[in-house]
Amino acid sequence: MSKLNDSKKQYNDIEIPTELKQVVSKSVQTVKREQLKKKPSFKKFGLGVAAAAAIFVAGVNVNPTLAQSLSTVPILGSIIQVVSIQEITIEEDTYNADLKTPNVTGLTNKELENSLNEKYIAENKELYEGFQKEMEALKEVGGGHLGVASTYEVVTDTDEILSISRYAVNIVGSSSTTMRTDTIDKKNEVLITLPSLFKDDKGYIETISTYIKGEMKKEMAADEMNMYWIAGEEEVFDGFDTIRPDQTFSITSDHKLTISFDKYEVAPGSMGVITFEIPTDVIKEELISDYYIK
């Protein structure tokens with residue numbers, strides 16, 4: 001019993017890092033705000049996310065134009081995994097869809113695990129329904145070319161960090177690509193947001209934005225094939241000015257912060273999805289600590 005009491009005391013004496021407390025607090029506040037925003041729409045349609053996902057899956061299963069496969073492809077280690085829960089392929093004349101939905105397993109924080117997986121299903125459900133609607137519209141006017149694809153990539157997998165990027169490509173004449181990334185503290189099982197990494201909600205935005213605009217100018221000066229749309233530059237009417245609090249970001253395996261932009265967001269489509277790694281020296285004064293970013 002004494003050993004048990006000693007172990008209990010040691011456990012209670014463990015000091016929780018200040019930055020983790022703030023990260024958890026901000027994450028909880030963010031989730032609560034998002035839940036408050038989402039609640040009216042669920043009530044409006046009388047559906048929860050799980051029910052909506054079930055309808056989506058059922059709709060896919062009965063559609064004769066689909067070839068659907070269920071695969072399980074372990075990506076990570078033995079505890080927390082990312083698997084493909086559903087792959088949807090549509091090949092019909094000039095209409096093509098290829099949607100792959102990730103699913104996170106192994107988290108003991110089931111609220112976080114469920115919220116992530118429900119979001120991934122909802123994202124592909126929206127892509128699928130939009131594709132179906134546009135396909136029917138094109139058929140009514142004589143046809144056309146239409147495509148949509150989604151996939152995902154585990155961009156960081158360490159003992160501390162898991163980052164999952166999802167890519168969605170829409171093809172109607174030209175193509176557009178969007179990327180969204182979730183970064184998870186694997187040890188403490190919390191979703192890390194960009195604002196939660198910094199002391200205040202504004203200073204980091206200006207610091208990172210100023211750095212990125214400087215890098216854009218350097219790249220354009222070094223290679224004329226590089227082109228960025230920067231606010232305030234000549235002949236640019238609506239260029240990049242600042243990042244957003246919900247800007248796509250990730251943390252690399254060596255604890256560096258990256259900021260990403262969708263295709264066409266800050267540059268011509270030929271530049272594709274663009275990612276900048278932010279030197280830690282640039283943002284160290286803005287960081288809450290060096291717990292995640294070093």
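A residue counts as exposed when its relative accessible area is over 50%, and as buried when that area is under 20%. Keep those cut-offs handy for this tour of a predicted model.

Start with Lys218: at 55% relative accessibility, the residue is over the 50% mark and so counts as exposed.

Next, select helix H4, residues 110-140. Here Glu113 and Lys110 meet in a salt bridge of 3.2 Å, N to O. Glu113 is buried at 9%, while Lys110 is partly exposed at 42%.

Stay on H4 and pick Glu123, then jump to Arg166. Their side chains meet in a salt bridge too, 2.7 Å from N to O. This pair links distant parts of the chain, with Arg166 in strand S5 and Glu123 in helix H4, 43 residues apart. Arg166 is buried at 7%, and Glu123 is partly exposed at 27%.

Now follow strand S5 (residues 161-172) into strand S6 (residues 174-185): they pair antiparallel over 12 bridges. Look for Ile171, which stands opposite Ser175 in S6. In the turn of this hairpin, Gly173 has a positive phi of about 75 degrees.

Last stop: S6 also pairs antiparallel with strand S7 (residues 190-192), over 3 bridges. Asp185 stands opposite Val190 there. The hairpin has 4 residues between its strands, and Glu189 in the turn shows a positive phi of about 55 degrees.

Methods. Residues are numbered from 1 along each chain as its sequence is written. This is a predicted model: local features need pLDDT of at least 70, side-chain atom pairs count only at pLDDT 80 or more; totals for chains, interfaces and linings use all residues. Side-chain values use heavy atoms; hydrogens and water are left out. Two strands pair if DSSP finds at least two bridges between them. Helices (H or I, at least four residues) and strands (E, at least two) are DSSP runs, numbered from the N terminus. A salt bridge is a side-chain nitrogen of Lys or Arg within 4 Å of a carboxyl oxygen of Asp or Glu. Buried means under 20% relative accessible area, exposed over 50%, partly exposed in between (1.4 Å probe, protein chains only).
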